[in-house]
Amino acid sequence: MPASKMAALGIDVEDESILASIFRDSFPENWRENPDFTLYLSELSSYGVDKLNREPERLAEERAQILQQTQELAFCNYKTFIKTAECTKEIYRDFGLVEKHVSSVLDKLPALSEKCKQFIKETEETGASRRMNSLTLNRHTEILEILEIPQLMDTCVRNCYYEEALELASYVKRLEKKYSSIPVIQGIVNEVRSSAQLMLNQLIQQLRTNIQLPACLRVIGYLRRMDVFTEAELRIKFLQARDAWLKSMLGSISDNDPYFHITKTIEACRVHLFDIITQYRAIFSDEDPLLISSNQTVNESAIFHGWVVQKVSEFLGALELDLQKGVGSRLDSLLGQCMYFGLSFSRVGADFRGQFAPMFQKVAMNTFEKAVQEAVEKFQEDMNLYTLISPPSMLGSTIPMTLPTEQPGTLQPPMVLLDFPPLACFLNNNLAAFNDLRLCCPLALAQEVAMCLEDALVKVFLPLRFINMAPLAPLIKVLY
């Protein structure tokens, strides 16, 4: 027992130790903590022998009296005891239910906590969305203008308002740089790019039509502002588009008649090709070389010169093809048109008249050879059908034939040829061939013409080798 409690009960520590040693085995250890039991031991130690002898009887009587009082109390208040027991049972059962529900609540608390956290998160998101909707509502006009940019861009492009379309495209590029991570802005950028591609196709398509220089300047200006092609690519695109239009014009010319086809081709090339060259030189400058990469440059004149050479080559090919088909006796007229065509291009430094000479020489020579060959074949056919019923006087006469007196500046065949029709026909055919050659007769063909005529005369006079040729000497002289 603590010393403070023993002091309060008037018990010395020494007395306590004595009592503890005396009654060590007489009562349970836990009784020592009971203050009433300690007080009783203290009183008991102060009794005398007689009183100690009567103490068991007194305790028995007191016990019986207490038991009787307890029984009387229980008999008088048994209903209260029963009710108390029932209340205790109900309380026990209620405590069990409470414990069960508490356990259920404890089991559901983590899920409830997660749900609460989720609810808080959704509430925050809803609040943020509401704030965003409010901000969107306040900025509705500005947002609507941005969302309508693709439709406005498409309208401008389809109505050929290219200046406004370029401004919209530039504005969208600035938006993309600032807000490229926003999906809506990215969608607007993609739609505007599609409209810009349509605009590019329309501009290039305009270059494929009969467009004049002012319109060409505007179209090239728009293409430069779109920044799609480099300078070299832009020049190539321009030449390709104009070349496509020129080919469509040339392709529409009927090729049933070679002379009609080539004259119309010359006229179309002379007018339209000259316009294209003029447009190109007015739009592009050829003074500075073009930068095509960090370490490569290309001279603009190489692009332009190559295209002009290609066009001239294509024209010469078409001319040669039509000349091979045949243009009749209008070769001189065609040569004059070609020379005028080549001379007109001398103003742009593309005089190609020197390319015509070999072609026309070849055609003129082929035409002459064909005519002479036909004359030889006609003579041979006539000789196969010709017979001497009565030899002409010139064949048996020893008197030389006298040619008619020639007038100065004129040359006429002798009338004696009428006595030998095959030679007269041969002479007429050769004269017709010379008349055709006279219209377009380059000096370079003199030797070839002489050799062709000599071969023809050899073939003609070969069947006459067994006839006395003396009387025919003047005729041969005329033919030579």
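For surface patches I counted residues with over 30% relative accessible area and no salt bridge, and nonpolar side chains were joined within 5 Å. I kept in mind that this is a predicted model.

**Entry 1: the nonpolar patch**

I looked for a nonpolar surface patch and found one of about 510 Å². V98, V102, V105, L106, L109 and L112 make it up. I then picked out L112, which sits in helix α5, residues 78–138. Is L112 buried, exposed or in between? L112 comes out at 46% relative accessibility, so I put it down as partly exposed, since that class runs between the 20% and 50% cut-offs.

**Entry 2: T263**

Next I went to T263, which I found in helix α12, residues 258–283. Its relative accessible area is 13%, so I noted T263 as buried, because the cut-off for buried is under 20%. What does T263 touch, once I leave aside its neighbours within four places in sequence? I got L334 and Q337. I also checked C338, which is 75 residues away from T263 along the chain. The C-alpha atoms of T263 and C338 are 8.7 Å apart.

**Entry 3: the second largest pocket**

Last, I went through the second largest pocket and got a volume of about 400 Å³. I counted 19 lining residues for this pocket. Which of them lie nearest its centre? I wrote down A169, K173, R193, A196 and M226.

Note on methods: Residues are numbered from 1 along each chain as its sequence is written. This is a predicted model: local features need pLDDT of at least 70, side-chain atom pairs count only at pLDDT 80 or more; totals for chains, interfaces and linings use all residues. Side-chain values use heavy atoms; hydrogens and water are left out. Helices (H or I, at least four residues) and strands (E, at least two) are DSSP runs, numbered from the N terminus. Buried means under 20% relative accessible area, exposed over 50%, partly exposed in between (1.4 Å probe, protein chains only). Contact means heavy atoms within 4.5 Å. Patches are made of residues with over 30% relative accessible area and no salt bridge: like charges are joined within 9 Å, nonpolar side chains (Val, Leu, Ile, Met, Phe, Trp, Tyr) within 5 Å. Accessible areas come from the Shrake-Rupley method with a 1.4 Å probe; for residues, only the protein chains shown count as cover. A salt bridge is a side-chain nitrogen of Lys or Arg within 4 Å of a carboxyl oxygen of Asp or Glu. On a 1 Å grid over the protein atoms alone, a cavity is a set of points where a 1.4 Å probe fits but cannot get out, and a pocket is an open set with protein on both sides within 12 Å along at least five of seven lines; lining residues have an atom within 4 Å of a point. Grid points are joined across faces, edges and corners, and a volume is the space filled by probe spheres set on the points.
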